Amino acid sequence: MRVDPWRNGSASDSRSEESPTSSAFRTLSPSKSSLSSAEEEYLAPVILFSRIGPVGSLRFGHQNGRFSSNRHWPPFLSRVLLKEESGKPIRVVCVTSGGTTVPLEQRCVRYIDNFSSGNRGAASTEYFVKAGYAVIFVHRWGSCQPYCRYLPQDSFLDFFDIAENSTIKVCEPHGTVVKGAIRDYRKAVEEGFLLKLSFTTIFEYLQILQMVATSMRCLKSHGMFYLAAAVSDFYVPWENMAKHKIQSAEGPLDMRLTQVPKMLLVLRKDWAPAAFCISFKLETDPDILLQKADMAMRKYGMHVVVANELATYKREVSVVTSGEKTRVCSHGQDHDLEEELIDLLVARHSEHIKKPSGIDMNEAL
């Protein structure tokens, strides 16, 4: 019997037969929906998608040392609320980072992966914390982490040595970098400015995003979504997956993929309608990049779309809003493009907070 990790309840509860995904997307079909009939028709695949994901795919608990919802999530929210009660509203940003995978088998051996190192999300998280935001860092398991960007993963042990008394010490000249990373990371976590949640599959990502978004709804305009994750556009429905490892001896692989429903509109209209939302658009063709970014902003009601070209995304981006397009560039090898980008977005968020509340999303779209 499956238990929904988002809900308190025992395995004997009849409701626990419902999958986490189905529970997550029940809000898409309320008795009095705020969506028009055309939008409900557009979102129909979303409800279908909620029934075809791998049931119980969220790895809450102790697996591989990953996120435990009971241990981390409530204390983080408590610290955020305490900051609000102190008199100054706290700003919270959900940063998504890294690429999602699409399993090809139910007992997955093979999968389709999306290109993303997670470096932009990790760097942006550091600058959001510096700007005073509490950050919920929703990241691909194993991708680049905040405060660890300058620690090479492939030769991590080269940073350490064993002293004569058998204690572990940091080798010079890496001491300053490692100590700074440890100090900044622990400060962010202990003061309630950083919570990390990990995903691997497209199913896990969408479930966690819904959980975070609905939890942040109470923050209204003080909430922000910085959606830098490389989310899969296509997937294999659960019932269409091979149960066991696909055998190469069976010959060439012929597989039909289904389009992943776009959740940005649901996020804007239903999950957190008052939040400030930034999405990313990556293209390999510079001739269509800005046009596609502008289309995404209008179609999904994003406040900002950050446009990236694959060949130059580390050096420059274009920040697209309804009124202007702003180019943000790196000024050298030792300068993070994300520093200037986050400064710009914080200013835009401040403008958003000052606007009158209760904006009609049907008009905004």
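Predicted model: local features only at pLDDT ≥ 70, side-chain atom pairs only at ≥ 80, totals over all residues.

Colleague: How many bridges join strand β8 to β11, and do the strands run parallel or antiparallel?

Modeller: The general idea is that two strands pair if DSSP finds at least two bridges between them. Here, strand β8 (residues 223–227) and β11 are joined by 4 bridges, and the two run parallel.

Colleague: Which residue is the bridge partner of Ser279 in β12?

Modeller: The partner of Ser279 there is Val305. Between β11 and β12 there are 6 bridges, and these strands run parallel. Together with helix α9 (residues 286–300), β11 and β12 make a β-α-β unit that is right-handed.

Colleague: How should I judge whether strand β11 is enclosed?

Modeller: One counts the buried residues, where buried means under 20% relative accessible area. In strand β11 (residues 276–283), 6 of the 8 residues are buried, so the strand is largely enclosed by the rest of the structure.

Colleague: What joins β13 to its partners, β12 and β14?

Modeller: On one side, 3 bridges join β12 to β13 in an antiparallel arrangement, with Val306 and Val319 as bridge partners. These two strands form a hairpin, with 6 residues between them. On the β14 side, 5 bridges join β13 to strand β14 (residues 325–329), again antiparallel. Val317 has Val328 as its bridge partner in β14, and a hairpin of 4 residues joins β13 to β14.

Colleague: Let us turn to the aromatic rings. How many aromatic pairs does a search of the whole structure find?

Modeller: The search finds 7. To classify a pair, one considers the angle between the ring planes, and over 60 degrees counts as edge-to-face. The planes of Phe115 and Tyr313 lie at 85 degrees, with ring centres 6.2 Å apart, so this pair is edge-to-face. It links distant parts of the chain, 198 residues apart: Phe115 is in the loop between β3 (111–113) and α5 (119–130), and Tyr313 is in the loop between β12 (304–309) and β13 (316–320).

Colleague: Which residues form one aromatic cluster?

Modeller: The cluster consists of Phe128, Tyr133, Tyr226 and Phe280.

Colleague: Finally, where is the place of His349, and what is it in contact with?

Modeller: His349 is in helix α10 (residues 337–354). Its relative accessibility is 0%, so His349 counts as buried. When neighbours within four places in sequence are left aside, the contacts of His349 include Tyr133, Arg91 and Phe276, as well as Ser221, His222, Gly223 and Met224. Tyr133 is also a member of the aromatic cluster.

Terms used
Residues numbered from 1 in each chain as written. Heavy atoms only, no water. Buried < 20%, exposed > 50% of the residue type's maximum accessible area, 1.4 Å probe, protein only. Contact = heavy atoms within 4.5 Å. Phe/Tyr/Trp six-rings, centres within 6.5 Å; stacked < 30°, edge-to-face > 60°. Right-handed = clockwise from strand over helix to strand, strands pointing away.
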